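The sequence and the model are shown below.

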Amino acid sequence: MKLRATLIGFTAILMWSFLALLTAASGKMPPFQLSTICFAIGSMPGLVVLILNPARLALLKQPAKVWVTGISGLFGYHFLYFTALRNAPAVEAGLVAYLWPLLIVVGSALLPGERLRWYHLAGALAGLCGTFLIVGRNGIDFDGAYAVGYGAAFLSAFTWSGYSLLTRRFDAVSTDVVTGFCLATSILSLFCHLGLETTVWPETGFEWVAVIGLGLFPVGAAFYAWDYGVKNGDIQILGAASYAAPLLSTLILVLFGFAEPSWRIALACLLVTGGAVLAAQEMFRRKIPAQSAAAE
């Protein structure tokens with residue numbers, strides 16, 4: 001059960017790895033407008049399930065703290081991340097924002113029934129180093145003039161890691177509530193778009209396909225899978241494995257001709273993969289004896 005849930009959570013990481021490619025292919029739509037449309041699309045599968053099975057609507061009746069946590073996590077993270085990109089260079093802001101997997105691993109020690117081992121932390125740090133190689137390939141220069149942007153990036157990392165850890169404490173809450181989180185995030189993003197941006201629509205059918213793909217997968221199904229994974233799977237392994245997202249994203253960009261292969265990517269592969277395996281060693285040890293016993 002725990003292994004299955006962890007694997008489902010990992011599919012969210014796989015979907016997030018397509019975020020850069022689909023965003024690049026979606027045209028010049030500003031971020032909050034894109035967020036509005038994608039989260040609206042992302043809520044549709046959940047709405048279909050609720051329409052086909054109205055009895056599940058009762059699962060949306062949850063305490064205020066569940067709704068505040070969910071909406072703050074999805075909308076708060078994206079608002080802070082977009083703010084960071086508007087007020088700091090993308091490379092440095094991205095590196096600060098990608099502290100969230102490490103924060104999840106460290107913060108998991110506060111969760112009931114969880115124990116933080118040295119290999120969890122080492123695996124997450126190895127993934128962080130791999131991410132530095134990928135994201136900071138053209139050099140890193142933190143400038144105090146962008147303190148507001150760096151601060152927003154750190155808050156975004158803290159927000160997403162906090163959301164993920166708190167979600168684990170709401171393990172009895174159905175994943176159906178993610179539908180409501182997506183709808184609320186779409187509405188709040190619309191307000192931000194109307195107040196801060198100029199509307200730009202996709203110019204080609206291909207760009208519309210990319211927008212729909214974003215809404216269905218990285219900004220849709222991924223959040224349902226992540227919710228189920230962190231509630232029922234191994235959150236420490238998922239935290240360390242999350243560093244695979246920027247690596248896989250870069251590999252996908254290379255595959256589609258948007259980036260060039262390099263030794264940095266190869267080394268990052270070793271660091272991220274090795275870190276994930278290191279963090280997951282306890283699960284492997286549990287699985288091997290179980291298989292041996294079954295064979296006997």
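The sections that follow treat the overall fold, the nonpolar cores and selected local features.

## Basis of the model

The model is predicted; local features need pLDDT of at least 70, side-chain atom pairs count only at pLDDT 80 or more, and totals for chains, interfaces and linings use all residues. Residues are numbered from 1 along each chain as its sequence is written, and side-chain values use heavy atoms, with hydrogens and water left out.

## Overall fold

The protein chain contains 14 helices and 0 strands; helices (H or I, at least four residues) and strands (E, at least two) are DSSP runs numbered from the N terminus. The radius of gyration, taken over C-alpha atoms, is 19 Å, close to the 19 Å that the globule rule gives for 296 residues, so the protein chain is as compact as a globular protein of that length. That rule is 2.2 Å times the number of residues to the power 0.38. Along its principal axes, the C-alpha trace spans about 65 × 55 × 35 Å.

Of the 296 residues, 50% count as buried, meaning under 20% relative accessible area with a 1.4 Å probe, protein chains only. Among contacts (heavy atoms within 4.5 Å) with a separation of 6 or more, 88% come from residues 24 or more positions apart.

## Nonpolar cores

A nonpolar core is a set of buried Ala, Val, Leu, Ile, Met, Phe, Trp, Tyr and Cys residues joined through side-chain atoms within 4.5 Å. The largest has 53 residues, and those with the most contacts inside it include Trp-16, Trp-100, Trp-160 and Trp-226. Helix 10 (residues 205-232) supplies the largest share of this core, 9 residues. Another core, of 8 residues, lies apart from it and includes Ala-84 and Val-96.

Leaving aside neighbours within four places in sequence, Trp-226 is in contact with residues including Trp-16, Trp-100, Trp-160 and Leu-238.

## Local features

Gln-236 is found in helix 11 (residues 235-241) and counts as buried at 2% relative accessibility. A polar contact of 3.3 Å joins its side chain to that of His-120; such a contact is a pair of N or O atoms within 3.5 Å, where, within protein, one must be able to donate a hydrogen and the other to accept it, and residues adjacent in sequence count only if both atoms are side-chain atoms. Gln-236 and Arg-117 are 119 residues apart in sequence and 9.5 Å apart in space, C-alpha to C-alpha.

Thr-6, in helix 1 (residues 2-16), is buried at 6% relative accessibility. The Thr-6 side chain reaches the backbone oxygen of Lys-2 at 2.7 Å.
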